[in-house]
Amino acid sequence: MTDVSGTASVQGIIQGIDLLAEYFRDYSPDMKSVKYDYRNQNSEMTLKISVPNSLRRKINKVKIPIEEGYIFDEMYSSALNPVEKCWSRTEDFWILDPTQLPSSEDYIIKLIKTDIETDAFNDIIDLEYSEDSVKDEGIEQYWVQTSIINPKILADIYEEFEVRNVYLSINVGVQTCFTTAIPKDVTKTFDRTRELLRASNKGQRGKVTTAHRRRHQAQQSMKMSEHEAAQLIRSLATAENVEKFISIDSPFRCGDVTPTSNDRILPEEVGVDVNTDLDLERKAAAGSVKFNKDEYTEYLEERTDDLR
Amino acid sequence: MFGDSEIDENNRPTSGSEQLELTEAFVAPWGLPHEVRPLHAIWSGDIDQIQFKLAGPIELVEGYNLARDIKELDQHTADEDRIVVIDRSELVTPGYVSLKFKIPKKFDESMVGQEIGIDFLVNDEVVESWSGYTFTIRPMLELLEYPDPFVLENRNDVLPISVGYIGFGMAEVQIEISGEGQIITKDKDVFIDMARAILESGIHKKESEHMEDIPEEWKNDSNVKVEREVLEDMADGMRELLTENRDAFEEFDEDELHLLADIFEEGQENREWDISKIYDFIELALINSILDVVEKNPTEGVHVANPNVEIDVEGRLTEAQVEYHLRDKYENEYDPLVVTIPIEDARDSGGHFNIEIDTDWKSHEMDPNEVLQEILEEI
């Protein structure tokens, strides 16, 4: 499945870099590294600047508009001493005042950029995963793959480039586990209750009486009310209960597991978040998500057996 | 087959070179017809050329880290395979290539394997080779049992048909029935059910003569209660459907739609009806939904869009035809399973009758390793 349609263009990123470099134009900016966080939609950029102890140091200031989304994080001298006093923040700008700098010439600055639009990542990373699963020895499997679209442009800009938490979500179907596991006499009781509600809502008094009797008979096989049964069934599909049956191959990691019920009491699918990191050394990664369906169904069978 | 060790075993380099080290090669192990699948290789060391050997039905879609469009690369055929040639100069950065391909063909078998080979060349000599398989999967249905003939004895008979699921991937099934007379297919969408129940009840009328409360006696007795939060979520879902998917409500006229909109309007303090009654109906719909999940997903690998199919007939019927339309998750459509059932009307008198189609779904789980073994033996 093509989750994100990548293009070979990284114009958005280049523009962002050019813009940042422009603010430091008087101090020979050199972009050293960028670490994107795909999931959290932010980036950490490290650049080197040279501030000679000349008149230029005394007359220029660097002003980065707050609205550009950059946040000053750290600054070091070439001797790796922290240099932070020279930065200040006003309502509208991050301001670097070079007159406050110590006598060193080269400095490393780390800036964080937040709220990066997803489209920017679409130009960098391609994500693929299988539309459908294959079940092997009771385990349902989905393959996942991710790759860097255009490593050349990135390598030209940065010495070091990393995208952390390359993230996608796979929907794992759990509905048949419930179909198989819920005892037939339990669904029969629900069926009779539906019959009764229908008859009642339509004001069909004769049918209400019949439906009431049939439901009462069906209920004999259940230990608890439908309300309690529905609660129990739903509790079996919580993330905590489902994630025990999910495993993911390295280099991928498992993130959040989110049951999606689509307004239904029983969940039909469980969203499994999958993360990995890519960089200019590891330009692609592949693996698989495994859902131990048979064991989960057995677990449901054991637990729903308490219903009757 | 599709686990780590198996992938490694199938895909390990078949020859070695000291200069070149193949770090990783991957091909999507399976896919549905037309689904885009990835393929990549990462290596270190110098090469002059890479050749991809692709089995016949494989079509390349896109390539990353290439100086030219994938369709402009040199290609030729050899022994029914297509050879795609990428020279070193066509790799934008060394040591990496990522391709995407698809197989736009529907096969008759549940799983068909296609081989992909990669040769790394230096001075026109192959110094490293790798090969892997990508399998095209599909769901399949088989008719197991049906009554021949079906003897109609009552006005409300159930026609049992036993259908087996084989193959791989989810089978999306739509059941259609045809025959002489008026055929009605009923789809149990929970919101439409709810809308219908609400409109039929007359709940929107201030002093409706049709309005009946759910009797207290059984309500207390049954303890049927769904949390308020869930009910409110359902009302939200109804609102969303009403605003975003009007087509779903095509059975209702403008007046009815306006009424539904008014009923589900938020923040109406002075409404003429009790909102808790609306929630009673949502509660009904929720109980329906439990049953829907069970009915729509009858067995492993099968999802039925319309599980409760009925045929309403005026008069007599001599033959019924039930069609199980089959699609996969990528919306590929396959030939339907058609069941023609002769009908003997043994009732004393003719007239209107109703037959419910009761499909008994059986899943025959296939072992992908066995299928793979068969395929490899054939190859």
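Biologist: Which residue stands opposite B:Gly31 in strand 10 of chain B?

Modeller: B:Thr136 does. This is a predicted model, where local features need pLDDT of at least 70, side-chain atom pairs count only at pLDDT 80 or more, and totals for chains, interfaces and linings use all residues. Residues are numbered from 1 along each chain as its sequence is written, chains are lettered from A and ligands numbered from 1 in the order in which they are written, and side-chain values use heavy atoms, leaving out hydrogens and water.

Biologist: How do I read a sheet?

Modeller: Strands of a sheet pair through backbone hydrogen bonds, either parallel or antiparallel. Strands (E, at least two residues) and helices (H or I, at least four) are DSSP runs, numbered from the N terminus. Two strands pair if DSSP finds at least two bridges between them. In chain B, 6 strands form an open sheet, ordered 2-10-9-4-7-6, with mixed pairing. Strand 2 (30-31) and strand 6 (74-78) of chain B are the edges, each pairing on one side only. Strand 2 of chain B runs parallel to strand 10 (residues 125-137) of chain B, joined by 2 bridges.

Biologist: Is A:Cys254 buried or partly exposed?

Modeller: Buried means under 20% relative accessible area, exposed over 50%, partly exposed in between (1.4 Å probe, protein chains only). A:Cys254 is partly exposed at 42%. A:Cys86 is buried at 3%.
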